[in-house]
Amino acid sequence: MTDSPMSTFHRRLPGVVYGGDYNPEQWPREVWPEDVRLMREAGVRLVNLGVFSWSALEATDGELDFTWLDEVMDLLAAGGIAVNLATPNAAPPPWLAENFPETLLVDRQGTRVSIGSRGHFCPSSPVYRDRSRRIARALAERYADHPALAMWHIGNEYHAHCFCDLCDDRFRGWLRERYGTLEELNRRWGTRFWSQHYSDWGQVHLPRPVRGSVNPSRELDFARFTSDLQLELFTGERDLLRSVTPQVPATTNFMQFFRLVDLHRWGQEVDVVALDIYPDPANVNSLADAAFQYDLMRSVGGGAPWMLMEQAAAAVSQWKLNLVKQPGRMRLGSLQAVAHGSDSVMFFQWRASRQGQEKFHSAMLPHGGTDTRTWQEVRDLGEELVRLGEVATGRTAAQVAIVWDWTNWWAVEGVAHPINSLDYRDIVTRHYRALWRRNVAVDVVTLDDDLSAYRVLVVPNQYLMTQAHSAAVRRFLEDGGHLLVSFFSGIVDEDDRVHEHGHPGALRNVIGGHVRDFSPLPVDTAVTVRAAAHQSLLDGGFRAAAALWQDDLVTESATAVAEYTQGYLAGQPAILDHHLGAGRAIYLGTQLDDDALGELVAAVLQRAGVESVHAAPSGVEVTERQTANDRFLFLLNHGEGTATLTLDRSGVDLLTGHAVETRHEVVLGPGDVAVIRSPLSRVASSGS
Ligand code: GAL
């Protein structure tokens, strides 16, 4: 039996891989040997090479010249540095646009974009596809047996949205395949409304600007189509590369909270999931939100370790205000990714550019060279990662899942809703943070996934629910699961058509009540909520501020857990608790303040018997990864002060190399991290 491409990769690059994007074409060749020397000094083992090199490799149509790349590949190989070689399709050269203007993307307003930046290609253009595949094939054939080649980096952060005629044609083709007949399309899109009924396929178009508000079902299909179209580009190149180098894994870099690509689908098509992430030091929640993205990456890859492909060593340059990472915080963020399942720590980019759009973006090697804090921290981290090598390939087992669903994202932020500024990302991350603060392991799923491994399922704002979703939730409860579902869920089906028989149609008989009216709250207004009498979930002293939304809830077979004490719904339930099968469904009909949501989540976890990975003071994040024989406990102090915790196990502190005993006190300075390795059996016995 042949090894999978990723096993081949791990054998070649065991442990936690360190490196970054390398753009040598921006530098004279005298710099390259120094790059390799310094990479070795920093512990770099893998570079992403050639991501934006198309024009440097093909100066005019068909004139491929790999001389400089040969030299760089050879230099890296000689230095023992492996290459994640990019297909350069993200930035087509000017000649492509000049010779074939139809390869340029058209935005929603109908403007064909110009060259001078990147990502300006139309994903449907046959010429673009032909030329990008030609260079990808040439790279594969040339470097198939090159000792430096370890992985393929296909394109860069796919996220194109194009409204040209070519895309319009492809959209119609996609719809014909999906619906078969025009009548079916008319039915799914509800075209009797406002006289939109189509009598010929030629009348069907992608959603270019309209006079009034848009048809939400068409928008939803366009979002699905956009994700599929780009995936087709990716898989086309992947298959081509596989045909030449079947043992070399292929991936592309995903981006945090990218709306245009459904990563649950994409995750199944890459050999390893890879993420670019830029947590904003100005945002106090950015590392909790990063943890959410890390858990999502692990989950979309089926639980396998993933790769942190890009992050900033210090500051980025693309925001209004670009704060630098304070001392130790780059290390903390990097180790946090490893704690959540990454087997690599990589950066954009290796050497800071002197020119161009990103010249003030930080790099592993800053403008100031090796005499800088950043370089020192980069070098130190490289050394530390060697000590964490054993962690690689380790997995995480979760008893809790949270739903994050792209199709729902596209639908719930649709038009003409009770609130037209609803922020799905904000709502889900609030729920995630409540779990994160309790240090429980969390998978990020959709309701199409197998839910049988989970004891708790958190479903925030799942507006779009199919019959299958409804059945999955019911099965989860009947099997004894604990469900927490929040407002404006179970409202429409896959076509954005309202479920019949009142709200929430897809959750009727699940939540033990129904919603009489959706009742958004005015901006900057909150009403108070308190624990109801005769309920068993919350502490009797529970008090909360509720904002954004209220459901006018009617209790049927559920118990009211909390009720409003203000406003026209005073005395009415805000939270319901319902027995169903062997399980419990908690329905939250409003948005609670963060502390109160935390209390509710804690109560659900406790009732379900889910414990945190390890007891820890507030501000300390705890995760665990497990390999065949060992468990690795990660303790990460996000706080500004020292934190102390008492270990429930003995083992070895991998970063210091010291043995530690059960009840040992781990002292973590601000931003500090400890990683404790324990044999699997010993943890089990110390826990008993
Ligand atoms: C990423 C991108 C990189 C670089 C980086 C800057 O999204 O892939 O090429 O632009 O952002 O933060």
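In this predicted model, 20 residues of domain 1 are in contact with 20 residues of domain 3. The domain assignment gives the chain three parts, with domain 1 made of 5–158 + 246–391, domain 2 of 400–608 and domain 3 of 620–685. Taken over C-alpha atoms, the centres of domain 1 and domain 3 are 31 Å apart.

**The interface of domain 1 and domain 3**

- The size of an interface is often given as the accessible area lost when the parts come together.
- Between domain 1 and domain 3 about 1,600 Å² is buried, and carbon and sulfur atoms give 55% of this area; on the side of domain 1, Arg329, Glu390 and Val391 supply 33% of the area buried against domain 3, more than any other three residues.
- Four salt bridges are found across the interface of domain 1 and domain 3, and Glu390 forms a salt bridge with Arg677 in which the closest N and O atoms are 2.8 Å apart.
- Across the interface of domain 1 and domain 3 there are also 11 residue pairs in polar contact, both residues being at pLDDT 80 or more.
- On the side of domain 1 that touches domain 3, the elements giving two or more residues are α11 (286–300), α12 (329–339), β9 (342–347) and α13 (373–387), with the largest share, seven residues, coming from α12.
- The residues on that side of domain 1 divide into nine nonpolar, five polar and six charged.

**Around the ligand**

- The residues around the ligand are Phe52, Arg118, Asn156, Glu157, Met255, Asp276, Tyr278, Glu310, Gln318, Phe348, Glu358 and His361.

**Backbone features**

- Most residues other than glycine have a negative phi, and most peptide bonds are trans.
- Glu157, one of the residues around the ligand, has a positive phi of about 45 degrees although it is not a glycine, and Glu157 lies in the loop between β4 (149–154) and α7 (165–179).
- Phe348, also among the residues around the ligand, is joined to Gln349 by a cis peptide bond with omega of about 0 degrees, and Gln349 lies in the loop between β9 and α13.
- A cis peptide bond also runs from His503 to Pro504, with omega near -10 degrees, and Pro504 lies in the loop between β13 (482–486) and β14 (513–520).

Notes: Residues are numbered from 1 along each chain as its sequence is written. This is a predicted model: local features need pLDDT of at least 70, side-chain atom pairs count only at pLDDT 80 or more; totals for chains, interfaces and linings use all residues. Side-chain values use heavy atoms; hydrogens and water are left out. Domain bounds come from an automatic or database domain assignment. Contact means heavy atoms within 4.5 Å. Buried area is the accessible area (1.4 Å probe) that two parts lose on being put together, summed over both. A salt bridge is a side-chain nitrogen of Lys or Arg within 4 Å of a carboxyl oxygen of Asp or Glu. A polar contact is a pair of N or O atoms within 3.5 Å; within protein, one must be able to donate a hydrogen and the other to accept it, and residues adjacent in sequence count only if both atoms are side-chain atoms. Helices (H or I, at least four residues) and strands (E, at least two) are DSSP runs, numbered from the N terminus. Ala, Val, Leu, Ile, Met, Phe, Trp, Tyr, Cys and Pro count as nonpolar, Asp, Glu, Lys and Arg as charged, and the others, Gly among them, as polar. A residue is near a molecule or strand if one of its heavy atoms lies within 4 Å of it.
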